[in-house]
Amino acid sequence: MNDLLNKIAENFRHFPGIGPRQAKRFVYYLLHRGAGEIDALIKNLEQLKKSVARCGDCQRYFPLNSFQPANLCANCQETMRDKSTLLVVEKDVDLENVERSGTYHGRYFILGGLVPILEKNPFEKINWNELVALINRLQKNYTTSQTSGGNSSQDNQLKEIIVALTASVEGDHTAEALERELHKVTNFKDLKISILGRGLSTGTELEYSDSSTLKNALANRRSLN
């Protein structure tokens, strides 16, 4: 019995900000609530697995429905979005907060974490390959449109990547690492890479920032290159 409790508690420990004592309390809470609560949780998790997909472009999780392709979320399909900017955020809740604020109308990318400072292979901790693939795909699509006589408006060209991460040492390190490495592996030679202005206080998580703070941070962003 104790081995099983510890195994389930260890599952909960993988959740952000959850320590061993909290994880064990979650297990006892479920036991206290009874079989009905456990069955409902299992049912919802099974449904989550079947009805949520990961976007092939921005890497966010989105609910599947019969009205859109399974590989792209609604944001990435929206034709009216500003295609000249790509906002790189750490996690899905950051994207949701920025979108809810109404301060940004371009494309997004979910990095999936931050680049650890002392990690041996730091880029394995983030969606690095997916980011490079997306940027090069956007460049290829724009170049193809130009050569084929299609809609080659400058508005369709990616001109700036905005790195919008936590205002912390690790967040700043990640932004600098992205700026350094992106110019090595992408086809964009004069692509601007910028970070949010210090409308964000040091240590502030993007998901907790209000609309006014986000607006100021975006307006006062500064170039890294």
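A nonpolar surface patch, as the term is used here, is made of residues with over 30% relative accessible area and no salt bridge, their nonpolar side chains being joined within 5 Å. In this predicted model, such a patch of about 260 Å² is formed by L41, L45 and L48. The protein chain as a whole has eight helices and seven strands, and buried residues make up 40% of its 225 residues.

**The chain as a whole**
- The accessible surface of the protein chain comes to about 13,400 Å², and carbon and sulfur atoms account for 51% of that area.

**Helices α2 and α3**
- Two packed helices are described by the angle between their axes and by the distance between those axes.
- Helix α2, which covers residues 20-33, and helix α3, which covers residues 35-51, have axes that come within 5 Å and cross at roughly 115 degrees.
- The contact is made by Y29, L30 and R33 on the α2 side, which meet A35, E37, I38 and L41 on the α3 side; of the residues in this contact of α2 with α3, five are nonpolar, none is polar and two are charged.
- L41, which takes part in the contact with α2, is also one of the residues of the nonpolar surface patch.
- L45, another member of that patch, has its place in helix α3 and counts as partly exposed because its relative accessibility is 49%.

- T174 is found in helix α7, which spans residues 169-185, and it is buried, with a relative accessible area of 0%.
- Leaving aside residues up to four places away in sequence, T174 touches L111, L114, V115 and L165.

**Salt bridges**
- A search of the whole structure finds 10 salt bridges, including one in which the side chains of R81 and E78 meet at 3.5 Å, N to O.
- In that pair, R81 is buried at a relative accessible area of 8%, whereas E78 counts as partly exposed at 37% relative accessibility.
- K91 forms a salt bridge with D94, with the closest N and O atoms 3.4 Å apart, and D94 is buried, with a relative accessible area of 2%.
- E181 and R180 are likewise joined by a salt bridge whose closest N and O atoms are 3.4 Å apart; E181 counts as buried at 18% relative accessibility, while R180 is partly exposed at 42%.

Note on methods. Residues numbered from 1 in each chain as written. Predicted model: local features only at pLDDT ≥ 70, side-chain atom pairs only at ≥ 80, totals over all residues. Heavy atoms only, no water. Axes fitted to C-alpha atoms, helices over the stretch in contact; angles between N-to-C directions. Helix = DSSP H or I, 4+ residues; strand = E, 2+ residues; numbered from the N terminus. Contact = heavy atoms within 4.5 Å. Nonpolar A, V, L, I, M, F, W, Y, C, P; charged D, E, K, R; others polar. Patch = residues over 30% accessible without salt bridge, like charges linked within 9 Å, V, L, I, M, F, W, Y side chains within 5 Å. Areas by Shrake-Rupley, 256 points an atom, 1.4 Å probe, with all protein chains shown as cover. Salt bridge = Lys/Arg side-chain N within 4 Å of Asp/Glu carboxyl O. Buried < 20%, exposed > 50% of the residue type's maximum accessible area, 1.4 Å probe, protein only.
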